[in-house]
Amino acid sequence: MAAPQSPFSFLDGLFERLAGGPQPPQWLVHEVQHRLVLLVNHVLMQEPEAMERLVRQSGSVARVQWRAYSMALRVTPAGLFDLAGEAAVPDLRVEITDTSPLSLAQTALRGARPAIRIEGDVQLAAEIQWLADHVRWDLEEDLARIIGDAPAHAIGTVARRVAQALKQFVGMRMAAGRPAPDDGPQAGAPGSDRGAP
């Protein structure tokens, strides 16, 4: 006897067919990403301390990826974000490894953290994690006006889980990178990151 399937499992198949079909034009993808950057910068400009912290990471690139979709952001000298070019090498990679949109939504609704892989510059991760913890903007409220309460809540939950994963990543890397009281700094050691004290 086959295991019972979720009544919503057809959504995964539908998404797979849509994702495998015609892709949106590159100009549309770029325009959506550009609008997201403008929105993030609008929020950051209301928090001078956030901009000051990002200035220290000027020129750094962070790439967020889910499936074939990715967005790379470069920190500007003004402490804001700009889209990084396709050829930009990221200093920090944040990848949501769960490929199923249904599974991501279920994870968010349970209040659990989605499967995320983080690699790269621990200092940049720490600054982004600080932004997530301290910059206040009610994303869910603004999104709810556009897409409705339930989808906005799911997106907000996933964003909080990503921030939580960044915090854990920074904590583990900082704990692992601390020299013992008798040891000096271990420059060039495996896992050492650019910008670490």
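This report describes the fold, the sheet and one surface patch of a predicted model.

## Basis

The model is predicted: local features need pLDDT of at least 70 and side-chain atom pairs count only at pLDDT 80 or more, while totals for chains, interfaces and linings use all residues. Residues are numbered from 1 along each chain as its sequence is written, and side-chain values use heavy atoms, with hydrogens and water left out.

## Overall fold

The chain contains seven helices and five strands. Helices (H or I, at least four residues) and strands (E, at least two) are DSSP runs, numbered from the N terminus. Along the sequence the pattern is α-α-α-β-β-β-β-α-β-α-α-α.

Of the 197 residues, 35% count as buried. Buried means under 20% relative accessible area, exposed over 50%, and partly exposed in between (1.4 Å probe, protein chains only).

## The sheet

The five strands form an open sheet in the order β3-β2-β1-β4-β5, with mixed pairing. Its edge strands, β3 (81–83) and β5 (116–120), each pair on one side only; two strands pair if DSSP finds at least two bridges between them.

Strands β1 (residues 61–66) and β4 (residues 92–96) run parallel and are joined by five bridges. Q65 stands opposite E95 in β4.

## Helix α2 and L36

Helix α2 covers residues 26–44 and includes L36. L36 counts as partly exposed because its relative accessibility is 40%.

L36 also belongs, with W27, L28, V32 and L39, to a nonpolar surface patch of about 470 Å². Accessible areas come from the Shrake-Rupley method with a 1.4 Å probe, and for residues only the protein chains shown count as cover.

Key:
Patch = residues over 30% accessible without salt bridge, like charges linked within 9 Å, V, L, I, M, F, W, Y side chains within 5 Å. Salt bridge = Lys/Arg side-chain N within 4 Å of Asp/Glu carboxyl O.
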